[in-house]
Amino acid sequence: IATLAGLQGVLVYALASALPLFVFSSLGPIIRRKCPEGFVLTEWTRQRYGTVTALYLSFVTLVTLFLYMVAELSAIGQVVETLTGLNGLPVIIVECVITTIYTSLGGFRISFITDNIQGAMVIGLIVIAAIAIGVETKIDTSLIEPSGLLKDNLLGWQLLYILPVAILTNDFFLSNFWLRTFASKTDRDLWIGVTLAALIILIIITMIGCTGLIAAWSGVWPGSDPENPLPGSMTFFGLLENLPAWVVGFVLVMSVSLSCAAFDSLQSAMVSSASNDLFRNKLNVWWIRGAVVLVIIPTVVLAIKAPSILQIYLISDLVSAATIPVLVIGLSDRCYWFRGFEVVVGGLGGIFTVFIFGAIYYKDAYKGAQLMLLEDGIYQEGWAAFGAFVAAPVGGLVWGFGALALRLAVQWVQAKRKGVRFDALDRPVVMEGEGDAVQYVAGGDLETILSTGQESGAGKIPGKFF
């Protein structure tokens, strides 16, 4: 990002990556109180919005995890090719096999262990790389001023909105974050953990981002071959490429180890999400693990062919930007009238709004469809990417409230035809469940539930979809 938006872009990206973590320490305790039996966001969604909405969110979550797995494998493949010149496919395959074996044997506990090791290895990698780059890399000061990387720019100001929205909303879909949120012993422990994580991420991303500046000022980026320039996302490893062999070897080993630690978290999160959200833990977990292994096959294929790591992330970011704003409305008890129908329509409508915006902006429906995939990325001239990330959440909310009006109108007509009281806007009855759990039962559902003897409590009675 430094090669495109300069120092301004690096600082914005670092802050946008670190600060959204505090959403878990802020909203996590609220969701845990509302759904103490849950351990992922979809469990609260099922309780609040119903089974259909939970399945919709589960699908989007699994797609997000899939895209992250593709991006992770694509990244390590590019790193291997940049540092060694060898084909990265064998490394990708070995990584998939090893992580599958130890996550199958150790479950999510092994992922927690590798995450702790990952943190230590990241610090070691940064220290060694910083020393090596500082000693070996020569900056040509005559390139600093002409590069313009220290000046503010339009893209940098656009990223001030795009990145926080993209990263904040997309973090909601990462089950590994929610698993850690629910696993914290107390809210205080959660705040401490999030604060430390945010601080570390801020420092690390700033340091790695600045390697883009160093690469530009030392002539490493874009490189000497105009037909095959060094990608901006690989400038960190491009700097290391010409360092002593022992440094390159050390960085390569550390990078593969870090990739394994990240990939096993994604695998574990996919197994947990599929088992709990889709099959309600009624299907043997080994069948789920087998399905995830099958998913890894197309993941490897796409990772090899992926044109851009960033584009992979952006697709999931756009989906989350459309879905999350309408979803979190249900966290407020004052919005008891908001139901699952509005969330699903709002999420899908937000994506459709991006298409509408793109078709109008480009005056071309095909390019409007391409904007939904952000094929040109966010680092482009003009306002297309910025407009897409405005259209997604705003369009999602507009479609959501439009769906609310439609649902209320239909329910009012149905009540008049049947000669019964219109109760769609009745405040839900609060039924105490196990522990601190609270179950919200809307309208006339209470009489049905009591007469059939259904259990109350979090997760026992799905929320209302329509």
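Isoleucine 76 counts as buried because its relative accessibility is 4%; buried means under 20% relative accessible area, exposed over 50% and partly exposed in between, with a 1.4 Å probe and protein chains only. The model is predicted: local features need pLDDT of at least 70, side-chain atom pairs count only at pLDDT 80 or more, and totals for chains, interfaces and linings use all residues. Residues are numbered from 1 along each chain as its sequence is written, and side-chain values use heavy atoms, with hydrogens and water left out.

Isoleucine 76 sits in helix H4. Helices (H or I, at least four residues) and strands (E, at least two) are DSSP runs, numbered from the N terminus. The C-alpha atom of isoleucine 76 lies 39 Å from that of glutamine 47, 29 residues apart along the chain.

Contact means heavy atoms within 4.5 Å. The table leaves aside neighbours within four places in sequence.

| Residue | Residues in contact |
|---|---|
| Isoleucine 76 | Ile92, Glu95, Ser255, Val256, Ser259 |
| Leucine 73 | Ile92, Glu95, Cys96, Phe263, Thr299, Val300, Ala303 |

Leu73 also belongs to the largest nonpolar core, which has 48 residues. Leu73, Leu83, Cys96, Phe237, Leu240, Val251 and Met270 have the most contacts inside this core. Such a core is a set of buried Ala, Val, Leu, Ile, Met, Phe, Trp, Tyr and Cys residues joined through side-chain atoms within 4.5 Å. At least two core residues come from each of H4 (51-84), H5 (89-136), H9 (187-218), H10 (235-241), H11 (245-278) and H12 (285-305). H4 supplies the largest share, twelve residues. A second, separate core has 29 residues, including Val194, Ile329, Phe338 and Val344. In soluble globular proteins, nonpolar side chains tend to be buried together.

Now the whole chain. Its secondary structure comes to 17 helices and two strands. Of its 466 residues, 50% count as buried. Among contacts between residues at least 6 apart in sequence, 77% join residues at least 24 apart.

Along the principal axes, the C-alpha atoms fill a box of roughly 80 × 55 × 40 Å.

The chain exposes about 21,700 Å², and carbon and sulfur atoms supply 68% of that area. Accessible areas come from the Shrake-Rupley method with a 1.4 Å probe; for residues, only the protein chains shown count as cover.
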